[in-house]
Amino acid sequence: MTEDARKAGTHRMVLADEAATLRLAADLAAILKPGDIVALSGHLGAGKSLLARAILRELADDPGLEAPSPTFTLVQSYETSRGTVLHADLYRVRSPDELDDIGLVEDLDRLILLVEWPDRAGSRLPGGRRLDIVLDVDPENPETGRIADLSGGVLWRQRLSIAVATRLLIDEAGWDDARRDYMQGDASSRAYERLTRADGSSAVLMISPPRPDGPAIRLGKPYSAIAHLAETVDAFVAMDRGLHSLGYSAPEIYAQDLTTGLLLIEDLGSEGVLDGAGAPIPERYEAAARLLADLHRHTLPTILPVSEGRDHVVPDYDRAALAIETELILDWYAPHIAGVTLPAVTQAEFSRIWNRLFDEILEAPGTWTLRDVHSPNLIWLPDRHGHAKVGLIDFQDAVMGHPAYDLASLGQDARVDVPAALELRLLAAYGQARRADDPDFDLGGFARAYAILGTQRNTKIAGIFARLDKRDGKPAYLKHLPRIEAYLRRNLEHPALAELKGWYQAHLPRLFEAG
């Protein structure tokens, strides 16, 4: 797909042949989600059914899907990994009222609708999530060429811009004929696709547009700014190159569009650090612990290059960031999971205790803290050597923080149970590696900081998982809560956390009832 013109919010695509139409279908399928309406207009023979059928095949991940035209049935339904998809042809509809008889306008927010001849629906198809595509024969190439004009409302403008920019990036990088497959994303706003060529080689497309500012919640700043979450893809690029410079296996960047927030990166594969039953493979976790020890022995810069004349400053994991993360348990877990409303004086006591603990943490020299060193973000690369065997992804939110944080995120993996014995083994492997480099390394002080930051991290995650359920409608994360609560209880046994343990026992007793 090549952008020929852009005018008044419309993207005009010149499709030279059927292959170009199929690429357009793949590009659209990659960004469609429940609630979307794709309205296909154009004269008979303009290619509406061809495009609709190609989108269906992409969504169903079935290139051989028959997908007959619904000219006589009016509507055909398909179940895909993206949910229910309806393909409708309204050519024979004479009145918008007929749509009630066929159930076409019911539950539109729960499905993807592909509809030909949408004008027959009158005003019954809402415009907010509607993408209009008008197809016509290309007069300069009438045999095989088509022109597609794509337009949509506010909700579609950024998505269309991203789709166009993505196609340009893929084509210019030489991956124009690659198959695009949606990859399950994380809890963030980022999206990923795997691109696969006919020869089996693959790459990953990372779609990470600039983060919009949320509501100001403190000192005129949104949560993301206070917690130092990456605002643009610059942070990933900078950290990626920084990790590469130290010999670690971060993905190679093949192509980038920093303005739109697109990266085409190396596909490190899917072999992780868990066994077939989903349990940690101890040797691989130990390798990750030794990698962290190696990273933390370096004196690391706080300013990293992104591109010519463009730098990224790695922010400090400061008191404000640490505090606002712990407060998520007050804002979300307490009312939604524990069923309690905590008075202001109780919340103030929580903050006072944490501030004393943060005093200890902030006294230590900072290092690169990748922030999410756990099983979903660790790739095992058996053909590489040394620390390069552990592939690293998802480090764009890196900060300058205490070295114990990342080891705690590994030893108390939010997605999988890490037995206490393995956690101690990781601490021992890390300490042994640090002492080999620095005989004066204080393992006892590190273990104390580990317990504090393990508690901070799991306090934050308990709040995040509750928020994902309550605010974002993602209840699947609640299955991890018992694990997070168990980690909290484990950490709170450390003498350094005696006062905080008393607060949790008094005000969030559910944590201990679960044990």
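Helix H2 covers residues 48-60, which makes 13 residues. From its first C-alpha to its last it reaches 18 Å, close to the 18 Å expected at 1.5 Å a residue. That expected span is 1.5 Å times one less than the number of residues. Helices (H or I, at least four residues) and strands (E, at least two) are DSSP runs, numbered from the N terminus.

This is a predicted model: local features need pLDDT of at least 70, side-chain atom pairs count only at pLDDT 80 or more, and totals for chains, interfaces and linings use all residues. Residues are numbered from 1 along each chain as its sequence is written, and side-chain values use heavy atoms, with hydrogens and water left out.

Buried residues of H2 include Lys48, Leu51, Ala52 and Ile55. Buried means under 20% relative accessible area, exposed over 50%, partly exposed in between (1.4 Å probe, protein chains only). The cover over these buried residues includes helix H1 (18-29), strand E3 (37-41) and strand E7 (130-137). After H2 comes Asp61, with a positive phi near 55°.

Now turn to strand E3, where Leu40 is found. Leu40 is buried, at a relative accessible area of 0%. Beyond its neighbours within four places in sequence, Leu40 is in contact (heavy atoms within 4.5 Å) with residues including Lys48, Leu51 and Ala52. Val115, Trp117 and Ile133 are also among its contacts.

Last, the hairpin. Strands E16 (303-307) and E17 (310-313) pair in the antiparallel sense over four bridges; pairing requires at least two DSSP bridges between two strands. Ile303 stands opposite Val313 in E17. Two residues lie between the strands, and Gly309 in the turn has a positive phi of about 75°.
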